[in-house]
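Have a look at it first, then read on.

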Amino acid sequence: LTIDNANHDVTMNIRIKKDECIWVSVTAFVGLEVARAFITPDSVKILNRLENTYTAKPFSFIQQYTNKQITFRALQAMLTGNAISSLISDTSQFTIDSDTVTLRSRVGTLQYSLRLNEYNKPIETHLTDESNSQDLHINYSNFASLLNYKVPQEVAMQSNVADKLMKINLTYTRINMNEALDFPFVVPKRFSIKN
């Protein structure tokens with residue numbers, strides 16, 4: 001994880017309840033949890049255990065690092081290696097090259113490019129909004145079969161928004177589907193609120 005040129009080697013446990021919530025636990029320093037996030041379609045809540053702070057923001061907080069077109073469902077799709085369906089329209093253009101298909105579309109000032117592999121799974125997603133100095137590039141690789149689905153085990157994201165830079169290189173070591181999950185998120189009394 002790289003945020004504004006500060007590199008962090010961390011482990012993230014990501015749990016997703018489709019279309020409802022994304023829960024992330026970030027550990028570092030020999031398994032010590034340093035942060036926890038709970039993201040819903042309308043909010044982002046973050047516990048920073050290093051600073052003993054709690055932050056609650058609207059979902060638009062994430063859009064500072066992406067684009068206003070990136071919704072909760074779009075973020076969910078990016079993390080799971082799926083196409084962002086809201087950016088595909090009747091005016092999208094398709095190009096077929098041997099074993100890949102490239103789709104290009106435009107929504108407002110946002111340009112969307114999606115390259116699919118032979119399984120029709122994204123291998124590259126690129127979102128650009130030059131008018132707002134926003135660029136998001138995602139690469140998916142090392143696909144594995146899970147419950148008759150092809151899922152990427154490696155996801156590399158890079159977001160450039162004006163003067164903000166964020167890189168996330170994910171290597172999924174374990175992927176499970178259709179399991180009952182819990183999403184623990186309790187703000188300890190000692191934590192201060194940070195806005």
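1. Buried here is under 20% relative accessible area, exposed is over 50%, and partly exposed lies in between, using a 1.4 Å probe and protein chains only. Strands (E, at least two residues) and helices (H or I, at least four) are DSSP runs numbered from the N terminus.

2. Before going further, the ground rules. This is a predicted model, where local features need pLDDT of at least 70 and side-chain atom pairs count only at pLDDT 80 or more, while totals for chains, interfaces and linings use all residues. Residues are numbered from 1 along each chain as its sequence is written, and side-chain values use heavy atoms, with hydrogens and water left out.

3. On confidence: pLDDT is the predictor's own score for each residue, from 0 to 100. The protein chain averages 89, and 99% of the residues reach at least 70. Among the elements, β7 has the highest mean (96), and strand β1 (residues 2–3) the lowest (80).

4. Overall, the protein chain has two helices and 15 strands. With 195 residues, a compact globule would have a radius of gyration near 16 Å, and the 17 Å of the protein chain agrees with that. That radius is taken over C-alpha atoms, and the globule rule is 2.2 Å times the number of residues to the power 0.38. The C-alpha atoms fill a box of roughly 55 × 40 × 30 Å along the principal axes, and 39% of the 195 residues count as buried.

5. Back to β8 and its sheet. Nine strands form an open antiparallel sheet, in the order β2-β1-β14-β13-β12-β11-β10-β9-β8. β2 (6–7) and β8 (93–97) are at the edges with a single partner strand each, so one side of each has no neighbour in the sheet. Pairing here requires that DSSP finds at least two bridges between two strands. β8 and strand β9 (residues 100–107) run antiparallel, joined by five bridges; Ile96 has Val101 in β9 as its bridge partner. Their hairpin has two residues between the strands, and Ser98 takes a positive phi near 40° there.

6. The other sheet is open too, but mixed in its pairing: six strands in the order β3-β4-β5-β6-β7-β15. Its edge strands, β3 (11–17) and β15 (192–193), each pair on one side only. Helix α2 (residues 72–80) packs on this sheet, touching β3, β4 (21–28) and β5 (32–39), and its direction makes about 50° with that of β4. Touching means heavy atoms within 4.5 Å; axes are lines fitted to C-alpha atoms, for helices over the stretch in contact, and angles run from 0 to 180 degrees between N-to-C directions. Within the sheet, β6 (residues 43–48) and β7 (residues 53–58) pair antiparallel over six bridges, and Asn48 stands opposite Thr53 in β7.

7. Leu147 is partly exposed, at 48% relative accessible area. Leaving aside residues up to four places away in sequence, Leu147 touches Met177 and Asn178. Asn176 is 29 residues from Leu147 in sequence, with a C-alpha to C-alpha distance of 9.2 Å.
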